[in-house]
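Biologist: Hi! Could you walk me through a few spots in this model?

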Amino acid sequence: MQPMLQSYLQDTWVTPTATHESTSATDVRDAVTGDLICHVTSQGLDLAAAFEHARRSGSPALRALTFHQRADLLDAVAAAVRARREELYALSARAGATLLDARYDVDGGIRVLRDYATRARAELPDAPYLVEGPAERLARGEDFLGVHLCTPSPGLMLQVNAFNFPVWAPLEKLAQAVLAGMPTVVKPATPTAYLTEHLVRIVADAAVLPPGALQLVVGSVRPALDLIREQDVLSFTGSAATARTLRTHPNLVARSVRFNAEADSVNAIVLAPDVRPGSPLFAAFVREVVTEMTVKAGQKCTAIRRVLVPREHELTVLDALSAELAGVTVGNPAAEGVRMGAVVSLEQRDDVRRAVRTIAASGRLVHGDPDKVRVVDADPERGAFLDALLVSADPDAAAPHEVEPFGPAATVLAYRDTAHATDLVARGLGSLAASVVGDDLDWTAAFVQEAAPWHGRLHLLDSTNLAQTTGHGSPLPALRHGGPGRAGGGSELAGIRGVVDLMQRTALQASPRFLDSLRR
C-alpha cells in the first residue's frame, strides 16, 4: 500500500485523516512507469492552527532578526539542500525529469538562496528594517524631514505553486520571504507534491529555521483562503484561469490581501530580418528554440511557444528545427542517451495533445506525432511521453496566440514586416519573456520599444553576447520574473526590490534627530 503524503504543520509531520479509498485523496503516479507513488489530500489538517503558528511563532522570530541574520538562515538552508540534493535528483526522475532537468530545478533553487543571502549583506543594513534613500525636506527649515521606512509585515506568505518546479519555486519564494521577515506556508501542486515534501523534510531535518518559519500543506488549500488576513501575502504560480479565480476570492478582496500571480503565457522568440541562415547567430536561434522545447519536456512557464520568423526564411527555419529535433531521444530519464523525459502525468500529456491539435488546425504539423512516440527503456502507453511537436500555422489565426501547449511544443509563425511582427507578439496579451535574435541595432531597438509593454523580460541576443547568454527561459535573481496581462501582472525576484515589495512601506515625517536614530 502506498503512503498518504504528509504535511509539515506546527513543526510536526502530520498524516491526513482520509483513507486510501477516500474520494478526497488524489493518486500521484510515476510519470515514466505509471506506478503509484502516493496519495495526496489535506482532509483533517488543522490549517487554522498552522496559520496561527506561523503568525505567533515564525513571524516574531524572523522579524526580530536583522537582514544579515536572515541571510545566514538562507545560507544554512542552501547548505542543507545541497548536502542532500542527490535525493531530490532521484525523485525528480519519477516526475519525468532528466538529470539536466533536475539540476535546473534543484541547483537553481540553491543558487537563488545563495544569491539572495549575498545581496542582503551587500545591499541591506544589518538591521531589521530599511530606511529608504535620503531624507526629504518638508518645510522651510531643516527640522522637519520625510523618509520611507520598510518594515516586516506581521503576517505570512502562502505559496501556491505549479508542478513544474517543485524545488526551485518554493526556495525562490522562501528566499524573499525570509529576508522580508515573513514565515512561509508552502502548498505544492499535487503531481509533484512528493518532491516538495522531501525538500521540506530536508530543511526540517537540518533544523536551521526558527519554529513556524516554514510549513507545508499538501492537498487542497481552498479552506485556507478564508483564513488569510490583511498582513498576509498570497503568492501564486499556475494557470491564468486559476489566477483569475484567486484574485476575486471574496476574502482576499474584502481584506485587500496582497496577491502576486505568475501565470502561463505564450512566450515568443523573434528572428530579426538581418540574420542569415547558416550564420552563427542563426544556429544560436535554432539551439534556443530546441532547448526551450526539450528542457523539462517544455514544461516551463517561460518556454518558447511562438517562433516568429521572416516569411522568406520560414521553410529554412522549419527544416533546421526539424533536423535538430530529429536527434532528440525520448525515454526513461535514467537510460543512457535520453535527452527528454516524460511530461508530469498522463493528464498533462493529454492536455498538450489537445492544445497542439487546436493550433495545428490553422496550419500543419511539421515534426512529431501527438499520438505516437518512440521511447527508450519505457512503455509509451504507461508513461507520459510525447515527441517534440513543431507546428507551422497561419500567423493571423487566433489559436497560436491564445492556446499554450504546456509541453514540448512550439509553433512557427511567419511575419511580413516589422509592424506585423510586433503586432503578433502583442497578441499574446502579456508574456513572461520574449527573445529577439539579430544584429541590427535599429531594428531591435524599434522592436523593443513596441514589445516591452507586453513583457516582463526581454532577452536580446546578438553576435557579441551569444557565447555568454544565460538563455531565453532562465529567470535570474537579479531581474524581474513576471509579466503583464495574461502572465498574471505579478513580479518575483528582481533582486532586493522583490524583498522590499513584501514589506510595508510607511512614510515617516519626523525630526532629523529621530530619523538619524533609525540609521544607527
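Biologist: What stands opposite Thr151 in β23?
Modeller: Gln504 stands opposite Thr151. This is a predicted model, where local features need pLDDT of at least 70, side-chain atom pairs count only at pLDDT 80 or more, and totals for chains, interfaces and linings use all residues. Residues are numbered from 1 along each chain as its sequence is written, and side-chain values use heavy atoms, leaving out hydrogens and water.

Biologist: Okay, and how many bridges join β6 to β23?
Modeller: There are 7, and the two strands run antiparallel. Strands are DSSP runs of E, at least two residues, and helices are runs of H or I, at least four, numbered from the N terminus. Two strands pair if DSSP finds at least two bridges between them.

Biologist: What's the strand order in that sheet?
Modeller: The order is β5-β6-β23, in an open sheet of 3 strands with antiparallel pairing. β5 (130–137) and β23 (504–510) each have a single partner strand, so one side of each lacks a neighbour in the sheet.

Biologist: New topic: is His367 buried or exposed?
Modeller: His367 is buried, with a relative accessible area of 14%. Buried means under 20%, exposed over 50% and partly exposed in between, using a 1.4 Å probe and protein chains only.

Biologist: Which strand is His367 in, and what does His367 touch?
Modeller: His367 lies in β15 (residues 363–367). Leaving aside residues up to four places away in sequence, His367 touches Ser322, Leu325, Ala326, Asp387, Ala388, Leu389 and Leu390. Contact means heavy atoms within 4.5 Å.
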